[in-house]
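Good morning, colleagues. Please turn to the display.

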Amino acid sequence: VNVGKQLDLLEKNGYVHIDNLIEESDLEVLRNDVTQLGGRSPVGVHEARCTGLAAGSSAFSRLSVHPLVMQLAFRSFSPQLMLSDVESCCTNADHVRKELESTTWHVIHPYSSAEFPGLVDAKASLTA
């Protein structure tokens with residue numbers, strides 16, 4: 001895997017997709033761990049977050065120190081980067097899309113109720 005190419009994708013898209021980074025059996029363990037640690041509990045109305053995964057799951061601890069994951073993290077942030085937590089966030093994209101479609105903006109202009117008093121001083125110069 002070309003780390004430089006993955007960094008470019010991360011910068012451009014905000015995420016990377018790396019095929020076969022996690023074995024299918026390990027992926028099932030990760031999913032179960034997220035569920036057991038509260039990953040199905042919604043935060044607000046459009047997402048579910050699960051924090052503390054590095055401390056609560058040995059599978060997430062191993063994933064967080066995977067050489068490719070570490071290389072991306074070090075090169076994206078800092079070579080002195082230290083892991084403090086792993087978090088899972090699942091966003092309900094359909095809800096967000098519907099919310100954005102129905103959102104309307106009402107901005108009140110600061111001078112909407114004030115009327116221009118007209119020219120007060122007959123000697124005023126309007127040159128720039």
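At least two residues of the lining of the largest pocket come from each of α2 (24–36), β2 (47–50), α4 (58–64), α5 (67–76) and β3 (88–91). Helices (H or I, at least four residues) and strands (E, at least two) are DSSP runs, numbered from the N terminus. The model is predicted: local features need pLDDT of at least 70, side-chain atom pairs count only at pLDDT 80 or more, and totals for chains, interfaces and linings use all residues. Residues are numbered from 1 along each chain as its sequence is written, and side-chain values use heavy atoms, with hydrogens and water left out.

A pocket here is an open set of points on a 1 Å grid over the protein atoms alone, where a 1.4 Å probe fits, with protein on both sides within 12 Å along at least five of seven lines; lining residues have an atom within 4 Å of a point. The largest pocket holds about 1400 Å³ of space, a volume being the space filled by probe spheres set on the points, which are joined across faces, edges and corners. Its lining comprises 39 residues, and V16, L63, V69, V86 and E87 are the closest to its centre.

Turning to the chain, we find 6 helices and 3 strands, in the order α-α-β-β-α-α-α-β-α.

Finally, G52 is in the loop between β2 and α3 (53–56). Leaving aside residues up to four places away in sequence, G52 touches D85 and V86 (contact means heavy atoms within 4.5 Å).
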